[in-house]
Amino acid sequence: MTLSKRLYPGSAIGIIGGGQLGKMLAQSALRMGYKVIILDPSEDAPAKSTCHTFIQADFSDQEAMEKLASLSDVVTYEFENIDAHILHALTDNFYVPQGAETVLTLQNRSSEKDAIKASGAKVVPFENVHSKSDIENFAKTYDFPVIVKTKTGGYDGKGQYYIENQAVLEEENIPFEQADFIAEKYIDLEAEVSLTIARSTSGQVIHFPLQENLHRDQILYRTIAPSRFDYFEEAKKEAEKIMTHLHFIGVFTIEYFLSKDGVLYVNEIAPRPHNSGHHSIESCNISQFDAHILAITAARMPEVYQHQNAVMMNLLGQDLDRLENDLYDQAEWNVHIYGKTSRQPNRKMGHVTVLTDDLEAELKTLERKF
């Protein structure tokens, strides 16, 4: 069911997933007066405390998913790796304005990149690979280094292999028998940037500022907004090509590689709120989570403006261990702790956003802390 309909406060929003994104979506929905229903397998999911009804069930439990949908006026999700059969069943019988086709395309890196390429947007050269000899042949065309990635399930650097040269390829243990892979040309990066966009069920589109992202160990470490690299208009043009080709409702984020020679490539797309957009909670007139709720309920979205420059720092498990006694002693820090009970190295436990008029000075201060 994809018919657009205006939903008013008092309506129920069902969210598949109760992690930090589900929690922040729920907080926006509650502030606007909506009821919230969350489904998540974890008894202590961060979003459990921010909903009217919590359904503890596995994401593969179709009966539980249908229960969530039956209690909701609209269904959305905080992550894209939803069982294809269940998602199709939900869209056939309940109001899921984001639909199933786009998210299913984006679950697979190969089909995602094929779709981006078909839209006319620039994508990093890639090929499906099934063996080390396939990677070797790819490198004959594009040279080493090569990035090898699983087609499905990879995030925060999981399932990725940096193949620097032939010797590394020969030594690397890539589990071809356990997963499908693609090989990508290595891009000599000037920067990584992302553009968060919201598209409502009525067709209205708004854009957040272009975000400049820095990763460490393939996990987002820091976001600067707006980006110091002036590619906002070009990023918008590439996004428009993709939106013409793929169906998006709600908030989504397109991640780009900016090469040393000034070429902007689309890297990947997240069909949901994204880590790099968290700064918007404090730095913009509406947050990415507000925009998502407005979009799926067919409410009018205001044009986005940013109050001040912002720096967002992720708080991983090891950061929280080191900084937690200091966090609330920094008056200018906007601290968000997600409420995860299990603290692990490299697990996202929260984030800090700082608004500043002196970006370079603030970056030096934060680098000493994080």
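Analyst: The centres of domain 2 and domain 3, taken over C-alpha atoms, are separated by 28 Å, with bounds that come from an automatic or database domain assignment, namely 125-185 for domain 2 and 189-369 for domain 3. This is a predicted model, in which local features need pLDDT of at least 70, side-chain atom pairs count only at pLDDT 80 or more, and totals for chains, interfaces and linings use all residues. Residues are numbered from 1 along each chain as its sequence is written, and side-chain values use heavy atoms, with hydrogens and water left out.

User: How do you know that domain 2 and domain 3 are in contact?

Analyst: Contact requires heavy atoms within 4.5 Å, and five residues of domain 2 meet five residues of domain 3 in this way.

User: What makes up the area that domain 2 and domain 3 bury between them?

Analyst: Buried area is the accessible area (1.4 Å probe) that two parts lose on being put together, summed over both; here it comes to about 440 Å², 34% of it on carbon and sulfur atoms.

User: How many salt bridges does the rule find across the interface of domain 2 and domain 3?

Analyst: The rule asks for a side-chain nitrogen of Lys or Arg within 4 Å of a carboxyl oxygen of Asp or Glu, and across this interface it finds zero such salt bridges.
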